[in-house]
Every structure is written in structure tokens, then in C-alpha cells.
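Here are my notes on the model you sent over, as numbered points. Have the structure open while you read.

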Amino acid sequence: MKVSPRFDLVDLRLFLHVAEAASITGGAARAGMALASASERIRAMEAALGASLLDRQRRGVALTPAGSALARHAGIVAQQLERMRGELTEYATGLRGHVRLLSNTAATTEFLPAALGTFLSAHPMIDVDLEERPSGEIVRAIAAGLADIGIVADAVDAAAELETFPFAEDRLVVVAPNRHALGRRRALAFRETLDHDYVGLGAGSALQEHLDDHAARAGYRLRLRVRLPGFDAVCRVVASGIGLAVVPATAAQRCRRSMTIRVIPLTDAWALRRLTICVRSLRALPAHARALVEHLSARHLNAGAPKRSG
């Protein structure tokens, strides 16, 4: 008689981290585990299952069909545990709820800080783990049960797979040095800027990947003079005359109050983005995660969408 494989919660959480990082090394780091221990646990899981879970490649790992199935079920188990913890929070003093939130660059930097501040103040027993990701990757992670809540741009049709709720409106604009050749333009198509130097965001930024993709579609590669970690730093370097940048209108208007820069609307349809909250199933979320969705949705209803620039 064949014995069914048994994996403990440490195994399942480790495997989710490895699947998400596409790397045993990265997964071990996220799980707070030594690489040797993580590798041994995964080998033991594969031995117990009698099938390979990971396709080891030169740069990281990919899930096998068995690995994909395990990741899906492990995500469900992790979400159910969080739901249990959230519901028990009402009865057990000191038990904290934890929400995993994935978000694109604009929401992470421009819209979420204030919203999360009020939420965390009102819910001292709930912690939020916020991570920036590209919108397409967020949808896949939420659908696979690897996170509780995602915030994505409408270029990705999250509603095709997930439940969605409106969050905010984000318009991308060009910021230019005061004396730049394009600085006097009332509006610009992104393609018109691609012969000029750029100031960009750091590698791995969801917005920077989005811009790189649109440049590639137009047959260009962005001429990045420097990469910086945030919109304020980007605008400050633009103001010094180094190059152009594309940032959310909210960031551009904030920076213009203290810097000498030109703010020029982009005419491309993709420059106006509606940011959407997405979840796998609102009813299935832990109580504390549902509370965050309701708080973020209420922000949209109460505050309305940000005004368009230009």
C-alpha cells in the first residue's frame, strides 16, 4: 500500500517562497532558512511524493506540473490559516493577523502609504507585508494563492480571473528639465521622447519594466543615464538637466512645488491607468484581509479618482 506524502507547514511555506522567487536560494532567504536546509527539505518532499517538483535550471528553477499543483494547494492552505488567525484575533489577545499585499509601482509609492497608515492605525493587531511587482505577475500570484490582495493597472485584465474593485486613477506624465528641447510642448507621445536621455527607476521596478516594454514595442531601448530608487529622486536629477523621466502625475505635481521641472502629459492611451484591487475570492479571504480590501475600496468611493493632469 502506497503511503500518501505528508508535508508540514514549514515545507509548504518554503515551497511557496521558492515558487515565487523562482529560486531555491531566494526562497530560502525569504523563509529565513539556510540554503542547505531548504534544499534538503525540497529533496525530501520530492522523495516522499515520488515526483520532481522543480526543474533545476542554470538561473533558478521552474515548477514542474506536480510543483504547480503543490503550489496551488499550498497557497490555499496558507490562506486558510491566515483566515483562521484573523477570525481568532477577536478572541486571543496578542494574536496578529497578517496580510500579503502585492502592488504596482504607482500604487505602492503614491496611493498606498496614506491609505495603509489610516488602516494600520485603526487595526493595531493587523500587519501588512507590501511588495512591489509588475501587474501581470501580481495577477498570476493572486490567482495561484501566493498572496491575499493585489493592486494592478488596467492594462492587465484581472477581472478575467479574479474579483476586482476600483482603487484609484493614475496618469503618467513626462517630467523634463526646465530648458529641455521638449520642455515647451503641451503634450507628447511617448515615442517622441525616445531619442532623448532618460532618468529611470531601479532595476525590478514595475513601472520601469512597463516603460521599457513600451519603448521596445516602438523599436527603441531607453537611454538610461542613471537609475534611482524613487520618484522624488528621479525628479531631482531631471531638474539638474540630466534627462527626461516618466512618473505619475501626483509625483510630478508634488515635486514641481520644490523643483524646477516641466510636466508634460503623455497622449498615449496607456498613460491613463485605472488601478484595481484584485483578490481570488473576497468571501474566502481571512477577516483581516477582507477588512483591508473594504478600507481600500472605501478610499476610492470617498476620495474619488485623482484629478487628471494637463
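1. Start with D197 and R223, which form a salt bridge with the closest N and O atoms 2.9 Å apart. Keep in mind that this is a predicted model. The pair links distant parts of the chain, since D197 sits in strand β7 (residues 197-201) and R223 in strand β8 (residues 223-228), 26 residues apart. D197 has a relative accessible area of 24%, so it counts as partly exposed. R223 is partly exposed too, at 41%.

2. Next, look at D232 and R254, whose side chains meet in a salt bridge at 2.7 Å, N to O. D232 belongs to helix α8 (residues 231-239) and R254 to helix α9 (residues 249-256), so this pair ties together parts 22 residues apart in sequence. With 36% relative accessibility, D232 is partly exposed, and R254 is partly exposed at 30%.

3. There is also a salt-bridge network worth a look: E20, R30, R100, D129, E131, R133 and E137 are joined into one by bridges that share partners. Over the whole structure, a search turns up 20 salt bridges. One more pair to check is E192 with R185, at 2.8 Å from N to O. E192 is partly exposed at 37% relative accessibility, and R185 is partly exposed at 36%.

4. Now the helix packing. Helix α1 (residues 9-21) packs against helix α3 (residues 35-49) at an angle of about 105°, their axes 10 Å apart. The two are therefore roughly perpendicular to each other. On the α1 side the contact is made by V10, D11, L14, F15 and V18, and on the α3 side by A38, R41, I42 and M45. Sorted by class, that contact has seven nonpolar residues, two charged ones and no polar ones.

5. C255 counts as buried, because its relative accessibility is 2%. C278 is buried as well, with a relative accessible area of 0%.

6. Last, is H210 buried or exposed? At 17% relative accessibility, H210 counts as buried. H210 is part of helix α7 (residues 206-217). Setting aside neighbours within four places in sequence, H210 is in contact with L172, W270 and R273.

Methods. Residues are numbered from 1 along each chain as its sequence is written. This is a predicted model: local features need pLDDT of at least 70, side-chain atom pairs count only at pLDDT 80 or more; totals for chains, interfaces and linings use all residues. Side-chain values use heavy atoms; hydrogens and water are left out. Axes are lines fitted to C-alpha atoms, for helices over the stretch in contact, and angles run from 0 to 180 degrees between N-to-C directions. Helices (H or I, at least four residues) and strands (E, at least two) are DSSP runs, numbered from the N terminus. Angles under 35 degrees count as roughly parallel, over 145 as roughly antiparallel, 65 to 115 as roughly perpendicular and the rest as oblique. Contact means heavy atoms within 4.5 Å. Ala, Val, Leu, Ile, Met, Phe, Trp, Tyr, Cys and Pro count as nonpolar, Asp, Glu, Lys and Arg as charged, and the others, Gly among them, as polar. Buried means under 20% relative accessible area, exposed over 50%, partly exposed in between (1.4 Å probe, protein chains only). A salt bridge is a side-chain nitrogen of Lys or Arg within 4 Å of a carboxyl oxygen of Asp or Glu.
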